[in-house]
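Please look over the sequence and the structure below before reading on.

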Amino acid sequence: MQGLKKMRMPLIFLLVALLFPLFTDNQYYIYVVTLAFIYAIAVYGMNLVGGYTGQLSLAHAGFFAIGAYALGLLTVDANVPYWLAFVLALVITTVIGTLVGLIALRTKEHFFAIYTLCVGYIIYLIIYEWDALTGGVRGLIGIESPAAIGPITFDTGISNYYLILVFLVLTVIFMKFLTESIVGRTYVAIRNSEELAQTIGINTMKQKLISFVISTFLAGLAGALYASFVRFIGPDISYTMMTFDFLMYAIVGGFGTLFGPVVGTLLIVILTQSLQFMEDFRMIIFGPLLVLLVIFYPRGIVGGYQMWKMKRAYKKKQRSVDQGSTYEGGD
Amino acid sequence: MLKLSDVSVRYGMYEALSDISLTVEKGELVVLLGANGAGKSTIFRTISGLNKPVKGTVEFNGESIGGRSASKLVKKGIGHCPEGRKLFPAMSVYENLRMGTYAVRGDKKETARMLEHVYDLFPILREKAKENAGSLSGGQQQMLAIGRALMSRPKVVLFDEPSIGLAPLITEQVFDVIQEINKEGTTVLLAEQNANAALRIADRGYVIENGRIVVSGTQDELMQNDEVRKAYIGA
C-alpha cells in the first residue's frame with residue numbers, strides 16, 4: 001500500500017497519458033506529445049550517464065542519430081523487415097557506444113565532456129558528408145512506419161502514440177529498477193567521488209562503461225523510434241544543438257532524478273510548441289527562466305518537488321514530536 | 001600477512017615514499033605515526049591499490065599485489081577507511097553501509113550478518129539508518145565510515161586518521177571500537193597523529209617522516225622513545 005501511495009503521482013501521469021488521445025481530435029497535439037515521449041527516452045540515457053554517474057556525455061545526439069539512420073538505412077536501402085531492423089539498429093548503436101566509451105572514459109570530467117562533444121560533432125560530420133550512404137544534407141525519406149505486430153498496426157498517429165508510450169514506460173520501469181539496485185547505486189557513488197568508490201571496491205571503469213553503454217542504447221532506441229515516427233531524417237538530428245536540447249530537458253526536469261526526464265521533456269517541448277508564434281524571440285523568455293531555475297532548483301523540477309516534500313515531512317515530524325511533548329531530558 | 005619491501009611512490013617528480021619496508025602480521029594492530037604530509041596516506045593508498053609503486057613490492061598473504069586495481073583488492077580482503085570520513089552524503093546511512101558490501105555482494109546471508117554486527121558495534125547507526133549520511137555529526141560520520149569499511153568483511157583494514165577533528169571523548173570511543181574489531185580477529189593498520197591514543201591500543205608501530213620510516217618498535221619501545229615522546233606525545 002505504501003509503495004502504491006509513493007507511486008501515486010507517476011500513476012496519475014500514466015493515466016492521463018493513456019486517456020489523452022481520447023480527449024483530443026487534434027492530430028498535431030498527439031504528434032507533439034509523441035515526439036516529446038521519444039525525446040524523453042533519449043533524455044533518460046543522458047540522465048543515467050550524466051545525472052546519476054556524473055559523466056556528462058555530449059555525444060548523445062550522435063547516438064540518437066546513429067539509431068535513427070541505422071533503422072532508416074536498413075529498412076529503406078536494405079529492405080530488412082522492420083522489427084529486425086529495429087533490433088539491429090539498437091545493436092549497432094550499442095556496439096559503437098561501447099567502442100566510443102572504451103576510449104572516451106579514459107578522460108575525466110571536463111575532458112570527458114569535451115571529448116564526447118567532439119565525438120558527437122564527428123558523427124554529425126560523417127552523416128552530413130557521407131552522401132552515398134546517408135543522403136547527406138537531403139536526408140533519408142520514406143522510412144516505413146513500425147510493422148504490425150500480429151493484429152496491431154501502427155499506421156495512425158494514435159497507434160504510434162501508444163507504441164511509443166509503451167517504450168517510454170518500459171524505459172522508466174527499467175530505470176527505476178536499475179537506479180535502486182546496488183549496481184545503480186554505484187553510479188551515484190561514482191558521481192560522488194570516483195576515488196572513494198574505488199576504495200570500497202567498485203570497479204569504476206567497468207561501471208562507468210556499462211552506464212555509458214546503456215545510455216547509448218537508450219539514445220539509439222529513441223532514434224529508431226524517431227525515424228519510423230517522423231519518417232524523414234536529416235543530419236540535423238545529430239547536431240550539437242540537439243544534445244544541448246536533451247541536456248536542457250534533463251536539467252529542467254531534474255538531472256539525476258527518476259522522473260526528471262519525462263517532466264522536463266514534456267514541459268519544454270510543449271512550451272516551445274505553444275510559444276511558436278514568437279519564433280526566435282522565445283529564447284528571450286526561455287534563457288532567463290532556465291537561469292532562474294538552475295539557481296533556485298539546481299536539481300530541477302522533480303528535485304525541487306522532492307525537497308519540498310522532504311521539508312514538509314520533516315516539519316510534520318517535528319510538530320508531532322512537539323505535541324507528544326514528553327520531556328526526555330536536555331542536552 | 002601484509003609486507004611492503006623497499007616501496008617508493010612518486011607524485012609526478014616528487015618522491016612521496018622512499019624505500020618503505022614494513023610488515024603486519026595476522027591479528028596485529030600496527031600504527032603508523034607521522035605528521036601531516038609524512039606519507040601515511042600514501043602508504044595506505046599504495047596498499048589499497050590507488051597508487052602504484054614505482055619501485056619495490058607489496059605482498060598480501062604471500063601474493064604480490066603492487067599495482068593491482070583497488071576493486072580487486074577489496075575483494076581479496078583489504079578494507080580501506082579513507083581519511084576525513086569520506087561518505088556518500090546524499091545516501092542514507094543504510095545505503096552507505098550497503099555500498100560497502102559491493103565487492104562481496106554475492107553472499108547475502110553473510111552481508112546481513114555483517115550489517116547486524118556493524119549495528120551492534122555502533123547502535124547509533126541502527127537508530128539513524130534512514131537518515132542522510134550528510135546529516136550525521138562528525139563522530140557518527142566516522143563510525144559510519146568505519147562500519148562501511150567493515151561491510152566488505154576485510155581480513156585487514158586500513159584506518160586513515162580516524163580521530164581527525166573529533167572531540168577527545170569521541171576519539172576514545174572510536175579507538176575502543178578499533179581495538180574491538182582487532183580483537184575479533186581483523187588485522188588493523190592504523191595511521192595517526194594522535195600518538196598517545198593510538199599507541200595505547202597498538203601492538204607495534206612505525207614512525208614516518210618525509211616519506212621514510214625513521215623509528216619502529218613495539219608499543220613499549222615507542223612509548224619510551226625520547227624522540228617519539230617529544231614529537232608526538234608532548235612529554
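The report below takes up chain A as a whole, then one of its helices, and then a sheet in chain B.

This is a predicted model, in which local features need pLDDT of at least 70 and side-chain atom pairs count only at pLDDT 80 or more, while totals for chains, interfaces and linings use all residues. Residues are numbered from 1 along each chain as its sequence is written, and chains are lettered from A and ligands numbered from 1 in the order in which they are written.

Chain A holds 15 helices and 2 strands, where helices (H or I, at least four residues) and strands (E, at least two) are DSSP runs numbered from the N terminus.

| Property of chain A | Value |
|---|---|
| C-alpha trace along principal axes | about 80 × 50 × 45 Å |
| Residues counted as buried | 44% of 331 residues |

A residue is buried if 20 or more other C-beta atoms, placed from the backbone, lie within 10 Å of its own. By that criterion helix α11 of chain A is mostly covered, with 23 of its 27 residues buried. α11(A), residues 204–230, reaches 38 Å from its first C-alpha to its last, close to the expected 39 Å, which is 1.5 Å times one less than its number of residues. Just after α11(A), A:Arg231 takes a positive phi of about 70 degrees.

In chain B, an open sheet of 4 strands runs in the order β2-β1-β4-β5 with antiparallel pairing, two strands being paired if DSSP finds at least two bridges between them. Because β2 (14–24) and β5 (63–64) of chain B each have a single partner strand, one side of each is left without a neighbour in the sheet. β1(B), residues 2–11, pairs with β2(B) over 7 bridges, and B:Val9 has B:Leu17 in β2(B) as its bridge partner.

Technical notes: Buried ≥ 20, exposed ≤ 12 C-beta atoms within 10 Å, placed from the backbone.
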